[in-house]
Each structure stands twice: as structure tokens, then as C-alpha cells.
Amino acid sequence: MKYCVYLINSIVKNKSISYVGYTNNLKRRIQEHNTNKGAKFTKGKKWTLLYKKFYNSKTVAMSEEYKLKKNYKLRKKIKEINGV
């Protein structure tokens with residue numbers, strides 16, 4: 001089974017906010033975030049996918065998710081690449 005680390009973005013009060021997560025079903029997970037069924041932080045916002053990367057191992061995906069969550073410089077760079 002493949003696992004995906006992803007970064008989504010939303011604009012709230014003219015400010016860009018991002019969220020990093022991992023899943024084994026990216027389409028379903030993005031839909032959950034956009035229908036108020038995702039993580040508490042993501043409820044009530046419209047999310048756009050900016051980044052995704054697939055891994056063959058859940059353990060590796062979880063480790064990479066943690067690294068991306070803590071790496072604000074990389075998150076900012078991904079946003080800039082996507083014009084956010």
C-alpha cells in the first residue's frame with residue numbers, strides 16, 4: 001500500500017495558512033478536509049493541494065510528514081513555487 005505526504009493551503013482573512021498530513025487515500029482525505037470531516041484545524045476552510053509525495057512505507061511517510069511539518073522554510077518555498 002502506498003502512503004502520501006501532502007501539503008494543503010487555504011486563505012483566511014487574506015493570510016495563507018497551510019496544513020501537512022499523510023494518508024493512504026489522497027482524494028478522500030482532501031475531500032474530508034473540504035467537507036469539515038478532516039482534522040479539527042482544517043474545518044470550515046477551503047483547501048487546495050500544493051504538494052504531494054508518495055512512499056511505499058507508512059513509517060517512512062509518517063517520518064517525512066513530521067519533517068515537513070517542522071520545516072517552515074520548505075513549506076514557504078512550496079507555497080512560493082505554487083504562487084501562494
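Two strands are taken to pair if DSSP finds at least two bridges between them. Helices (H or I, at least four residues) and strands (E, at least two) are DSSP runs, numbered from the N terminus. The model is a predicted one, in which local features need pLDDT of at least 70 and side-chain atom pairs count only at pLDDT 80 or more, while totals for chains, interfaces and linings use all residues. Residues are numbered from 1 along each chain as its sequence is written, and side-chain values use heavy atoms, with hydrogens and water left out.

## Sheet

An open sheet is formed by 3 strands in the order S2-S1-S3, with antiparallel pairing. S2 and S3 are the edge strands, each pairing on one side only. From one strand to the next, the twist averages 15°; axes here are lines fitted to C-alpha atoms, for helices over the stretch in contact, and angles run from 0 to 180 degrees between N-to-C directions.

S1 and S2 run antiparallel and are joined by 9 bridges. In this pairing, Tyr6 stands opposite Gly21 in S2. S1 and S3 also pair in the antiparallel sense, over 7 bridges, and Tyr3 stands opposite Tyr55 in S3.

The S1 and S2 strands form a hairpin with 2 residues between them. Lys13 is found in the loop between S1 and S2, and its phi is near 50°, a positive value in a residue other than glycine. Asn14 is placed in the loop between S1 and S2; its phi is near 60°, again positive in a residue other than glycine. For accessibility, buried means under 20% relative accessible area, exposed over 50%, and partly exposed in between (1.4 Å probe, protein chains only). Lys13 counts as exposed because its relative accessibility is 80%, and Asn14 counts as exposed at 79%.

## Helices

Contact means heavy atoms within 4.5 Å. Helix H1 lies across S1, S2 and S3, running at about 25° to S1. Arg29 is found in H1 and counts as buried because its relative accessibility is 17%. Leaving aside its neighbours within four places in sequence, Arg29 is in contact with Tyr6, Tyr19, Thr23, Gly38 and Ala39.

Glu32 also lies in helix H1. With neighbours within four places in sequence left aside, Glu32 is in contact with Lys37 and Gly38. Glu32 and Lys43 are 11 residues apart in sequence, and their C-alpha atoms are 9.1 Å apart in space.

In helix H3 (residues 72-81), the buried residues are Arg75, Ile78 and Lys79. Seen down the axis of H3, these fall within an arc of 100°, so they line one face of the helix; the arc is that of the directions from the helix axis to the C-beta atoms. An α-helix has 3.6 residues a turn, so residues three or four places apart point the same way. Lys73, Lys76, Lys77 and Ile81 are exposed on the other side of H3. The cover over the buried residues of H3 includes strand S1 (3-12), S2, S3 and helix H2 (58-70). Just after H3, Gly83 takes a positive phi of about 75°.

## Aromatic rings

Rings of Phe, Tyr and Trp (its six-membered ring) pair if their centres lie within 6.5 Å; planes under 30 degrees apart count as stacked, over 60 as edge-to-face and the rest as tilted. By this rule there are 2 aromatic pairs, listed below.

| Pair | Centre to centre | Angle between planes | Class |
|---|---|---|---|
| Tyr19 and Phe41 | 6.2 Å | 20° | stacked |
| Phe41 and Trp47 | 6.3 Å | 45° | tilted |

Ring pairs link Tyr19, Phe41 and Trp47 into a cluster.

Phe41 is partly exposed, with a relative accessible area of 43%. Lys45 lies over the face of Phe41, at 5.3 Å from the ring centre; a charge sits over a ring if NZ of Lys or CZ of Arg is within 6 Å of the ring centre and within 35 degrees of the ring normal.
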